[in-house]
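Please consult the sequence and structure alongside it.

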Amino acid sequence: MSHPVRSSWRYLFLAFAGVTLVTGVSGGEDDPASKKKCIQCHPKFQARLKGKVNHQPFLEGNCYACHAFHGFRNRSELAGSIQDICSECHDVIGDLSEENIHPPILSDSSCLTCHAPHAGALPKLLIKPDSLLCTECHDHPADNIQMLHRPYAENKCLACHNPHGSPFGNFLQTPAAYVCLGCHPKVVDGYSCEEMHAADSTGSCNLCHRGHESSNPNLLKRPSKDLCLSCHEKIAEQLSSKPAHALVSDGPCTSCHTVHFKKGMPGLAVAVPDLCFRCHEDIRKLVQLAVPHSPASEGDCIMCHSPHAGTLPGNQAETCGPCHDPDEPTFKTSHYDISPRNCSSCHDPHGSASGKLMRPVAHTPFAERNYSACHSQQIDSQELISDNTCLLCHEKPNSTGSHDPAMTNGKSCLHCHSPHVSDKAALTRAQNRTR
């Protein structure tokens, strides 16, 4: 005989079960179509269907795409982890390794850190504008920074970065160079890969540039010269030990060199000699005279000059010697068997209207090869006849009134005049030249 209390509970259970059968809930947990529609018990979600953007399964009433039937338990049941559920339709992380996945996706809330699961007012079901989402974890642009990358300043983070993950550094959408070239295509116009600057050969613009902000122009990581010298150590060593070319000491390397690609070695902005003539217009005119020096006219300026730092040796024969053999008989005869030390005292190293590149204004004894007029007979000594050699032919400067006594007092004639040849009348020395 059954217990009366137990029988009553059994009756109530069967009666309730009868109700559920009528409403179509007991068709089995594996048969969602036989269950009562979720919206009947969750009416607040009906209002969300009016949102601007709806999750497609939610819009179609396919709650079981993400949720498991929860029976009589008054709670929401997900069909799996949030990441697994979302990945069924949105395989945005694919085969990415864990270190290449944006950390929020690996958190407990996973995709819901940024996305609403049912409906929202923003594209992609974002819970906030993407710029606000990013800056919740990442710093805003600093107010005191000199230069901001435009996408960064405009909070367009996704122009460069993949919010879910990427095998490329800093979660970039593509390798750095391709991200940059999307907005800066002119950098590569007219060039081939073989012409790439060595710094760009890896396609890494971020070797030199910052992606967000910088206190230097063009978003450079460091002042341009410092940045160049960090790779070009030999040039840095020259600049630390020798006088620098004025353009190198005063201006950026880009005054002469291209930045990303090179037009011939070593990445010059314009071919030599035109590059040099941009600053040295006076040399261009000399090269156009009747007798140009071949290295200058052929554009091989660095045959004689160091482009970055250095000085001509005290004995210029060290520079001229490789082309002009001082031991050659004709050379020795024309130089009175004297080994020249300062070739440019008589010859212009760039061009001249006179043969042998001679300077145009010659001292008469020198032009007549009258060596003994000024020098002692011991030629090798190159000694003057006396301290007053010039006065043998020229009156005292002050007696003619042509010289201010203060200018000549205690100074040799050679302080202002060249003894052999000059570019100027009265054999006046040219500024910054010793002849």
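**Backbone and ring geometry**

Q: Is Lys124 buried or exposed?

A: Buried means under 20% relative accessible area, exposed over 50%, and partly exposed in between, with a 1.4 Å probe and protein chains only. Lys124 has 66% relative accessibility and therefore counts as exposed. The model is predicted: local features need pLDDT of at least 70, side-chain atom pairs count only at pLDDT 80 or more, and totals for chains, interfaces and linings use all residues. Residues are numbered from 1 along each chain as its sequence is written, and side-chain values use heavy atoms, with hydrogens and water left out.

Q: What is the phi of Lys124, and where is Lys124 found?

A: Most residues other than glycine have a negative phi, and most peptide bonds are trans. Lys124 has a positive phi, near 65 degrees, and sits in the loop between β2 (119-120) and α6 (130-137). Helices (H or I, at least four residues) and strands (E, at least two) are DSSP runs, numbered from the N terminus. Leu219 also has a positive phi, near 55 degrees; at 11% relative accessibility, Leu219 is buried.

Q: Which peptide bond is cis?

A: The bond from Val272 to Pro273 is cis, with omega near 15 degrees. Pro273 belongs to the loop between α11 (246-250) and α12 (274-277).

Q: How is a pair of aromatic rings described?

A: The description uses the distance of the centres and the angle of the planes. Rings of Phe, Tyr and Trp (its six-membered ring) pair if their centres lie within 6.5 Å; planes under 30 degrees apart are stacked, over 60 edge-to-face, and the rest tilted. This rule gives 1 aromatic pair. The ring centres of Phe45 and Phe58 are 6.2 Å apart and their planes are at 70 degrees, so the pair is edge-to-face.
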